[in-house]
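Keep the structure open as you read.

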Amino acid sequence: MVARKPAVVDHIKTKDKVFFITIDDGWYRQKALADWVVKRKIPVTVFLTNQARTTMSVDHSRCFTKVASFGTVQNHTMTHKSLAWMNTNRKREICSAQSVYGKSFGYRPWMLRPPFGDGYFNLHSRARLIESVAASCGIEYIVLMHFEGDTQANMARLVRRYAAVGLKPARLENYLPKR
Ligand SMILES: [Zn+2]
């Protein structure tokens, strides 16, 4: 069976007054952020790089599970190498993370964010290579939206600023286009 090509998402169409918080990588972990998102019930999509999950051989999965309490942990590759480079092992970068996260978080990711947006923001010709590997191990969406916000203070500022114009944080999963 040929796996279905992932949908490439770079915007969400909605009339709802919502915004989406997605955080990439995972090199910096802040307890205050984890505590705060749980207390405020903020949905966050964590696009995690596996190398950051296990910095210095310490497994930080619990911290990411907590930050994603009202969202999900998704795939941001094993080592954050560009997926568009010819010599990158795409199968390892994408599909090994699928298995590792399946074990660490109890579900396999269905979204992939390619590091640097490579293959999409540039080197477009490589997009199909990335998509076919991603499809082979269960990725349904390639998500290119980008949001900064790696500390609790930044995030609080963000939520306040959007609240002031009537926007609420929402779960990205609930707004992805139907496939
Ligand atoms: Zn990244």
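Ala 32, Leu 33 and Trp 36 in helix H1 meet Gln 152, Met 155 and Ala 156 in helix H6. Contact here is a C-beta criterion: two residues qualify if these atoms, placed from the backbone, lie within 7 Å. The two helices, H1 and H6 (residues 152–164), pack at an angle of about 35°, and their axes are 8 Å apart. Axes are lines fitted to C-alpha atoms, for helices over the stretch in contact, with angles from 0 to 180 degrees between N-to-C directions. Five residues of this contact are nonpolar, one is polar and none is charged. In that scheme Ala, Val, Leu, Ile, Met, Phe, Trp, Tyr, Cys and Pro count as nonpolar, Asp, Glu, Lys and Arg as charged, and the others, Gly among them, as polar.

This is a predicted model: local features need pLDDT of at least 70, side-chain atom pairs count only at pLDDT 80 or more, and totals for chains, interfaces and linings use all residues. Residues are numbered from 1 along each chain as its sequence is written.

Strand S3 (residues 21–25) is mostly covered, with four of its five residues buried. Buried means 20 or more other C-beta atoms within 10 Å of the residue's own; exposed means 12 or fewer, and partly exposed lies in between, with C-beta atoms placed from the backbone. S3 runs parallel to strand S4 (residues 44–48), and five bridges join them. Strands pair if DSSP finds at least two bridges between them. Asp 25 has Leu 48 in S4 as its bridge partner. From S3 the chain passes through H1 (residues 31–40) to S4, a right-handed β-α-β crossover. Right-handed means that, with the strands pointing away from the viewer, the path from the first strand over the helix to the second runs clockwise.

Step back to the whole chain. What does its secondary structure come to? There are six helices and eight strands. Both are DSSP runs numbered from the N terminus: helices are H or I with at least four residues, strands E with at least two. From the N terminus the order is β-β-β-α-β-α-α-β-α-β-α-β-α-β. The radius of gyration is 16 Å, close to the 16 Å of the globule rule for 179 residues, so the chain is as compact as a globular protein of that length. That radius is taken over C-alpha atoms, and the rule is 2.2 Å times the number of residues to the power 0.38. Of contacts with a separation of 6 or more, 76% join residues 24 or more positions apart. Buried residues make up 33% of the 179.

Helix H5 (residues 127–136) has Ile 130, Glu 131, Val 133 and Ala 134 as its buried residues. Their cover includes helix H4 (90–105), strand S6 (111–112) and strand S7 (141–143). Val 133 is buried because 20 other C-beta atoms lie within 10 Å. Beyond neighbours within four places in sequence, Val 133 contacts Arg 90, Lys 91, Ile 94 and Cys 95. After H5 comes Gly 138, with a positive phi near 95°.

Leu 83 sits in the loop between strand S5 (72–75) and H4. Is Leu 83 buried or exposed? Leu 83 is buried, because 27 other C-beta atoms lie within 10 Å. Its contacts outside four places in sequence include Arg 90, Pro 114 and Ile 130. Leu 83 and Ile 94 are eleven residues apart in sequence and 8.7 Å apart in space, C-alpha to C-alpha.
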